[in-house]
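Please brief me on this chain, working from individual residues out to the whole fold.

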Amino acid sequence: MADIINIANAAIEALNARDFAALAGKVHEDVAISGIGEGMDNGREALRERLARHFEAFDESYRDALVMTDAGGTNAAVRLTAHGRSAGGDTYSREKVLLLEVDDGRITRIAFLSGS
């Protein structure tokens, strides 16, 4: 279970640092993606492109992470506070949930859920 917690924390750290290479090292080559942009997608390159567009539109960072895992240590829900600034200059602070599925030490699914 410590592995998925470490993977979740490393993913958040990479997102905050805008370190796509570090994040790519944590995800499976065919990672499933949702909640970042419209619809769903697969793959490291799609993840990089979606995150680049997201961070261009929303200068966002994630704090106050609470990592919750299942008993098997393959799924995690991370409650976060997203602090950011929209492209229009408006600042915000809102709760988000980052869902991760991990298999063999790699993130196979990444999804963001937001109330807004």
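Leaving aside neighbours within four places in sequence, G84 is in contact (heavy atoms within 4.5 Å) with D59, E60, D90, T91 and Y92. The model is a predicted one, in which local features need pLDDT of at least 70 and side-chain atom pairs count only at pLDDT 80 or more, while totals for chains, interfaces and linings use all residues. Residues are numbered from 1 along each chain as its sequence is written, and side-chain values use heavy atoms, with hydrogens and water left out.

**Strand β4: G84 and S86**

- G84 lies in strand β4; helices (H or I, at least four residues) and strands (E, at least two) are DSSP runs, numbered from the N terminus.
- With a relative accessible area of 11%, G84 is buried; buried means under 20% relative accessible area, exposed over 50%, and partly exposed in between, with a 1.4 Å probe and protein chains only.
- From G84 to T69 the separation is 15 residues in sequence and 26 Å in space, C-alpha to C-alpha.
- S86 is also placed in strand β4, which covers residues 75-86.
- S86 has a relative accessible area of 19% and is therefore buried.
- Apart from neighbours within four places in sequence, the contacts of S86 are A57, F58 and Y92.

**Aromatic pairs**

- Rings of Phe, Tyr and Trp (its six-membered ring) pair if their centres lie within 6.5 Å; planes under 30 degrees apart count as stacked, over 60 as edge-to-face and the rest as tilted.
- The count by this rule is three aromatic pairs.
- F58 and Y92 form an edge-to-face pair, because their ring centres are 6.3 Å apart and their planes stand at 80°.
- F58 belongs to strand β3 (residues 58-69) and Y92 to strand β5 (residues 91-103), so this pair ties together parts that are 34 residues apart in sequence.
- F58 is partly exposed, at a relative accessible area of 31%, whereas Y92 counts as buried at 13% relative accessibility.
- F55, Y62 and F112 make up one aromatic cluster.

**Positive phi angles**

- R18 has a phi near 60°, a positive value in a residue other than glycine.
- The position of R18 is in the loop between α1 (2-17) and α2 (20-24).
- R18 counts as partly exposed, with 26% relative accessibility.
- D64 also has a positive phi, near 60°, and is likewise a residue other than glycine.
- D64 lies in strand β3 and is exposed, with a relative accessible area of 55%.

**The chain as a whole**

- Three helices and six strands make up the secondary structure elements of the chain, and from the N terminus on they run α-α-β-β-α-β-β-β-β.
- The radius of gyration is 13 Å, which agrees with the value near 13 Å for a compact globule of 116 residues; this radius is taken over C-alpha atoms, and the globule rule is 2.2 Å times the number of residues to the power 0.38.
- Along its principal axes the C-alpha trace spans about 40 × 30 × 25 Å.
- Of the 116 residues, 36% count as buried.
- Among contacts with a separation of 6 or more, 41% come from residues 24 or more positions apart.
- The accessible surface (Shrake-Rupley method, 1.4 Å probe; for residues, only the protein chains shown count as cover) is about 6400 Å², and 46% of this surface belongs to carbon and sulfur atoms.
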